[in-house]
Amino acid sequence: MFSKLNSEAQDIFEQVVAKSVDDDVLFVMPAFYPQRGGILEEIVAKGGKAVIAGGAPGQQLFDGITQYSPGFDTTGISETPEEIHKIVMALPSELVRGKKVALFVEAPVGKYWSNNMKLKGAQIAASNEQNLRLFFEEKTNLQKILAEAGLQDCFIPSEVVEVKNLSMEDMDKLYAKYQGQTGKVVIQSCGAENFESGGGKGTCVATSFDEFAQNLVNQKGSVKVARFIDGFCSNMSMFVGNTIAEKGKTGMVKGMLSGRDDAFDPNTIYSLLEKGRKLGIDESKTVVLAARASLKAIGDPHLTRSKSNGVGNSLGYEFPSEINDKVGEIAQKLGGLMAKCGKVGLCGADLIIDKDNHIWINEVNDRQQGPTEQLSLDAENSGLVGIHRLAFIASYADCSRPEVQNLFQQVKEHSDALYRQSLQSDGSFYIKMMGKQSGNAVSVIDLKPGIYALDKQADGSWQWDFSKNYESAANIDLSRNRIYAGLAGISLKKGQKVPSGAQVLRIVGKAKNGSSPFNISNGKVVLNKKWLPIINSLYSSLFGKDYNKQFVMTKDNQNGGIL
């Protein structure tokens, strides 16, 4: 049954690609987080055309997919209209002028991309652009969103305040109200002045009143002050959409914020729900499919200098049944609410799980998240439907066709069973290695994505062998003397500069039990110490043997309970 659904989704995907070939459509993906665009490689492998707009000068992250950089590294920057304009203008005019373009935007914030592509003379044949993210990711709206979804029990005690209105007495009361037993308080930038693109930016944990007050003084606009939840971090991903085909266009009908909607007013949720009703979206027309939750590592000092950076996920971690049940409930309630507002595509949430296994929602992510694509591939490898493929079909297929309608109807009817089955699938992991230096690091080798061998040395260290790229790799077992690991999201050339805080690459693979790169220790997700020689060897291979010696882990660097 489920394998048949997976085959049907694959068939529809191939039909969409075939039609794009017949219509001479070019897929264009912005290079903010290009490691999330692996589906473009599938398009190219099946004869389609795709390019990446942005990235670092001279970079090519995927085989067969050309990148056009504006002269600076665009990965991870904020998606402001000015930056988007520069990136689009760097595309060769002859590439897009008068051509049909399908936009593949993993973190859409409106029609900035399509509007700029039109300025270049492109014809927009299809796009997954929406601007609901401006509302759903705004921290001032989280309490209202969770209340409307029936998830009040997941809301972390907090409040949003205007910094300019705070006296020292006010700060003292706030700190006393929200400090936990450890004296920690979470501060998150929010409001119109502080919109950011995720990844832990704008989040700080104050460990004393002095640190708390100093941080508030340096803020602008609004901040959310929240209780620090002592627990470990998790991430959940899902597809949400509907079964109503957009008339005269590809994809399902999509909701949008209008010029009259205030993205920073929590009550805008009612306007969005009303827009959804006018589009014909009710509960009977919504579709939600959750992927299994991942175990998320935050701020590990071996991999990043920032305490709030996500540095990896274990996608096959086996949670207790009560946590899996609650994740499924969160997906249906939160995803159902977003779908009724007209959300179509990938989204999810960052979670914190405390010692009592209570799940708290730290923030909603109305975009494709770091683990999403690999979770989808893991599901497909187990004969299940991948949520990233559903999102692609929901934006680029003719959704009025009976076979497409049937696919989404079947997913709707069996969403809980599909989720339950995904909990049994073989899960992957990825480790994000970030630039940890204060300035630029300079690569000392050329390196492309691929699967490489590692050999254990007599002293217990590991040596990477970049002389050969392998086609496949078995599960990693660190008790062996040779293992194989994948490197993704990378295209380094000798002499290339890597900015501080930028993602250098991802180590990807599958591992179980003692060979998993992350585990829970004292209620926190930490790097498995067995992986440290592998990490150090890779950093040394890329940037020189002395690179990692300057970074020493201290007790104060440990992090948990924030995202």
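Start by selecting Glu-138, which sits in the loop between helix H6 (133-136) and helix H7 (142-149). Keep in mind as you go that this is a predicted model.

Leaving aside residues up to four places away in sequence, Glu-138 touches Arg-133, Cys-190, Gly-191, Ala-263 and Phe-264. Pick Ala-263 from that group: 125 residues separate Ala-263 from Glu-138 in sequence, yet their C-alpha atoms are 7.6 Å apart in space. Then display the side chain of Thr-140, where you will find a polar contact of 3.0 Å with the side chain of Glu-138.

Now switch to a cartoon view and move to the sheet. Its 5 strands form an open sheet in the order S3-S2-S1-S4-S5, and the pairing is parallel. Colour strand S3 (66-68) and strand S5 (123-127): these are the edges, and each has a single partner strand, so one side of each has no neighbour in the sheet. From one strand to the next, the twist averages 30°.

Strand S2 (residues 49-53) runs parallel to S3, and 3 bridges join the two. Select Val-51 and look across to Thr-66, its bridge partner in S3.

For a last stop, select helix H5 (residues 112-119). Helix H5 packs on the sheet, where it touches strand S1 (25-30), strand S4 (100-103) and S5. Compare directions here: that of H5 makes about 160° with that of S4.

Methods
Residues numbered from 1 in each chain as written. Predicted model: local features only at pLDDT ≥ 70, side-chain atom pairs only at ≥ 80, totals over all residues. Heavy atoms only, no water. Pairing = 2+ DSSP bridges. Helix = DSSP H or I, 4+ residues; strand = E, 2+ residues; numbered from the N terminus. Axes fitted to C-alpha atoms, helices over the stretch in contact; angles between N-to-C directions. Contact = heavy atoms within 4.5 Å. Polar contact = N/O pair within 3.5 Å; in protein donor to acceptor, adjacent residues only side chain to side chain.
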